[in-house]
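Dear colleague,

Please find the structure below, handed over for your use. The findings follow directly after it.

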Amino acid sequence: MFAVLDGSRGNVLGVEISQGYTMDDIEQFKKAFEGVLAQGNDRVNLLCKIDELEITASEFKAFVEDARYALKHIGQLRHIAVVGDSKIQEIMIKADNMLLGSKEKERIEKYFNVADIDQAWAFVRG
């Protein structure tokens, strides 16, 4: 299930994915992301809360489409905060940032524990 989080405004988009991740969720995310760009923002600061995501209730093709969309729009991403509750997620985000992050372009991806969501919001707003 996809939801835009309160606190999203300007070039900051906060989203939550809970339960399963589906193709419908991807379409809703695209609409929200493109809505931020349509407001005249060149880049989006993104907070993704995924601490209640259930992999077994998710569609594999949704993850593939998510990756394609992210790569297509990588130049329009700035700060990315992933909020979760898993060491595996934390390791994956660090690896992702090493591969696709760019300090020069201010494209930085960080992992935050769900208890630190206020710090995650501060990061994407900074």
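A residue counts as buried under 20% relative accessible area, as exposed over 50%, and as partly exposed in between. Glu 106 has a relative accessible area of 37%, and is therefore partly exposed. Please bear in mind throughout that this is a predicted model.

Glu 106 belongs to the loop between helix H3 (87–100) and S5. Its backbone also deserves a remark. Most residues other than glycine have a negative phi. Glu 106, however, has a phi near 60 degrees, a positive value in a residue other than glycine. Gln 19 likewise has a positive phi, near 60 degrees, and is not a glycine. Gln 19 sits in the loop between S2 and H1. With a relative accessibility of 43%, Gln 19 counts as partly exposed.

I turn next to the sheet. Five strands form an open sheet in the order S1-S2-S3-S4-S5, and their pairing is mixed. Strand S1 (2–4) and strand S5 (108–113) are the edge strands, each of them pairing on one side only. From one strand to the next, the twist averages 20 degrees. As a general point, strands of a sheet pair through backbone hydrogen bonds, in either a parallel or an antiparallel sense.

The individual pairings are as follows.

- S1 and S2 are antiparallel and are paired over three bridges. Phe 2 has Ile 17 as its bridge partner in S2.
- Strand S2 (residues 12–17) and strand S3 (residues 44–49) are parallel, with five bridges.
- S3 and S4 run parallel and are joined by five bridges. Here Cys 48 has Val 82 as its bridge partner in S4.

How many residues of S2 are buried? Six of its six residues are, and the strand is thus described as mostly covered. In a regular strand, the side chains alternate between the two faces of the sheet. In S2 both faces are covered: Val 12, Gly 14 and Glu 16 are buried on one side, and Leu 13, Val 15 and Ile 17 are buried on the other. Strand S4 (residues 77–84) is also mostly covered, with eight of its eight residues buried.

The helices provide the next finding. Helix H1 (residues 23–38) packs with helix H2 (residues 60–72) at an angle of about 20 degrees, and their axes are 8 Å apart. Because of that angle, H1 is roughly parallel to H2. The crossing in which H1 passes H2 is right-handed. On the H1 side, the contact is made by Met 23, Ile 26, Phe 29, Lys 30, Phe 33 and Glu 34. On the H2 side, Lys 61, Ala 62, Glu 65, Asp 66 and Tyr 69 take part. Sorted by class, the contact of H1 with H2 comprises six nonpolar residues, five charged residues and no polar ones.

Gly 7 is placed in the loop between S1 and S2. Its relative accessibility is 23%, so Gly 7 counts as partly exposed. Which residues does Gly 7 touch, not counting residues up to four places away in sequence? They are Val 12, Trp 121 and Arg 125. Gly 7 and Arg 125 are 118 residues apart in sequence, and their C-alpha atoms are 10.0 Å apart in space.

Asn 41 is in the loop between H1 and S3. Leaving aside neighbours within four places in sequence, Asn 41 is in contact with Gly 10, Asn 11 and Val 36. From C-alpha to C-alpha, Asn 41 and Gly 10 are 7.6 Å apart in space, while 31 residues separate them in sequence.

With kind regards

Terms used
Residues numbered from 1 in each chain as written. Predicted model: local features only at pLDDT ≥ 70, side-chain atom pairs only at ≥ 80, totals over all residues. Heavy atoms only, no water. Axes fitted to C-alpha atoms, helices over the stretch in contact; angles between N-to-C directions. Helix = DSSP H or I, 4+ residues; strand = E, 2+ residues; numbered from the N terminus. Parallel < 35°, antiparallel > 145°, perpendicular 65-115°, else oblique. Left-handed = near helix turned anticlockwise from the far one by under 90°. Contact = heavy atoms within 4.5 Å. Nonpolar A, V, L, I, M, F, W, Y, C, P; charged D, E, K, R; others polar. Pairing = 2+ DSSP bridges. Buried < 20%, exposed > 50% of the residue type's maximum accessible area, 1.4 Å probe, protein only.
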